[in-house]
Amino acid sequence: MKKVTKEVLLNWYEDMLFWRKFEDKLAQVYIQQKVRGFLHLYNGQEAILAGALHAMELGKDKMITAYRNHVQPIGMGVDPKRVMAELYGKATGTSQGLGGSMHIFSKEFNFYGGHGIVGGQIPLGAGIAFGDKYHDRDAVTLTFFGDGAARQGSLHETFNLAMLWNLPVVFCVENNGYAMGTSVARTANHTDIWKLGLGYEMPCGPVDAMDPEKVAEAMHEAIERARSGGGPTFLELKTYRYRGHSMSDAQKYRTKDEVAEYQKIDPITQIKDRLMKEHDVKEDEIKAIDKRVKAKVSECEKFAEESPFPEKSLMYDAVYEQEDYPFLPSKL
């Protein structure tokens, strides 16, 4: 694995802080009704993306996830201004404003969504990996999903075929404990989700996903196994989200004290402490990063605010029209 140097830690701190502040800004403008529909934020889970990106070969490897999907494409290389514009429903967005919060997508940067169907992306991730193996592309697909999606039958079907066909895929369950609002302990008679891989003889295990370095180590091993022809891996990334499942979540299933306990091991704070203790980074340097991040988020907001909405005709261009469809009202 690439060494975790002072420069890597600095990049992790700035990236994770930007992702956090980007999501905070989205929460703010959502309340102002500038962003509509559902909104699922990544606060608390940033170490997963930071560690994964450190282990990946960007430009070659691919990523697919569920609908908590705003910061992943940014990490993969998508301009964050375009991501925010997409959430605003603007023409300058990643899908010209037609995808919205739950469906960010970028073929250019190998980010394949953004999927609203719970667990729907699991077989799709295996399918992308199948395509790479079929065409001998030497690429690995990271397939992310939540602990709620781990209870879907599509996971078992996908695990079976992925092992049978020895696909270059890493399955990553981001276990934040509560799915939409039901604890892991109430959805199955086991709480170690990673053990689901044992039934398929798939390499699997738990990861402390509040620490980007531990995520990077586990991801590196899994990605290298897949790239060298060793097949799939299933990682349970044990994390925590500080906000609700979505902006409409009242969070009555957990206490404020519980959230506060997890905030003591906030991945951003952990990296900041390492920088200051292990690398003698001064408070002024941290403040300079904070200032850059704040300015960058403001640029994204300004871009989204000032961008135009798409023309209404675009919606029709994106829908298939069959001229001789037999049941149109005019023919009845």
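User: Which residues of helix α4 are buried?
Analyst: A word on terms: helices (H or I, at least four residues) and strands (E, at least two) are DSSP runs, numbered from the N terminus, and buried means under 20% relative accessible area, exposed over 50% and partly exposed in between (1.4 Å probe, protein chains only). Helix α4 (residues 80-88) has seven of its nine residues buried, so the rest of the structure largely encloses it. The buried ones are P80, V83, M84, A85, E86, L87 and Y88.

User: Before we go on, what pLDDT do side-chain atom pairs need to count?
Analyst: Residues are numbered from 1 along each chain as its sequence is written, and side-chain values use heavy atoms, with hydrogens and water left out. This is a predicted model: totals for chains, interfaces and linings use all residues, local features need pLDDT of at least 70, and side-chain atom pairs count only at pLDDT 80 or more.

User: Thanks! What do the buried residues of α4 pack against?
Analyst: Recall that α4 is largely enclosed by the rest of the structure, because seven of its nine residues are buried. Its buried residues, P80, V83 and Y88 among them, pack against α1, α3 (71-76) and α10 (283-306).

User: What does the secondary structure of the whole chain come to?
Analyst: The protein chain has 332 residues, of which 50% count as buried. Its C-alpha trace spans about 75 × 50 × 45 Å along the principal axes. Its secondary structure comes to eleven helices and five strands.

User: What share of the contacts with a separation of 6 or more comes from residues 24 or more positions apart?
Analyst: Contact here means heavy atoms within 4.5 Å. Among the contacts in the protein chain with a separation of 6 or more, the share from residues 24 or more positions apart is 74%.

User: How many salt bridges does a search of the whole structure find?
Analyst: Side chains of opposite charge can pair when their charged atoms come close. The cut-off for a salt bridge is a side-chain nitrogen of Lys or Arg within 4 Å of a carboxyl oxygen of Asp or Glu. With that rule, the search of the whole structure finds 23.

User: How many residues apart in sequence are R20 and D266?
Analyst: R20 and D266 form a salt bridge, with 3.0 Å between the closest N and O atoms. R20 sits in helix α1 (residues 6-31) and D266 in the loop between α8 (256-263) and α9 (267-278), so the pair ties together parts whose separation in sequence is 246 residues.

User: Are R20 and D266 buried or exposed?
Analyst: Their salt bridge brings an N and an O atom to 3.0 Å. As for accessibility, both R20 and D266 are buried.

User: Which helix holds both E224 and R227?
Analyst: The two side chains meet in a salt bridge at 3.9 Å, N to O. E224 is partly exposed at 34% relative accessible area, whereas R227 counts as buried at 16%. They are three residues apart, about one turn of the helix, and that helix is α7.

User: At what N to O distance do K264 and E261 meet?
Analyst: K264 counts as exposed, at 61% relative accessibility. E261 counts as partly exposed, at 48%. The side chains of K264 and E261 meet in a salt bridge, N to O, at 2.8 Å.

User: Which residues does E213 touch, not counting residues up to four places away in sequence?
Analyst: E213 lies in helix α7 and counts as buried at 19% relative accessibility. Beyond four places in sequence, E213 touches V4, W12 and R274.

User: Which residues are in contact with N175, leaving aside neighbours within four places in sequence?
Analyst: N175 belongs to strand β3 (residues 169-175). With a relative accessible area of 9%, N175 is buried. Its contacts beyond those neighbours are D147, V184, I193, E236, L237, K238 and T239.

User: And how far apart in space are M1 and C172, C-alpha to C-alpha?
Analyst: M1 has its place in the segment before α1 and is partly exposed, at 38% relative accessibility. Leaving aside neighbours within four places in sequence, M1 is in contact with H54, A216, E217 and H220. M1 and C172 are 171 residues apart in sequence, and their C-alpha to C-alpha distance is 19 Å.
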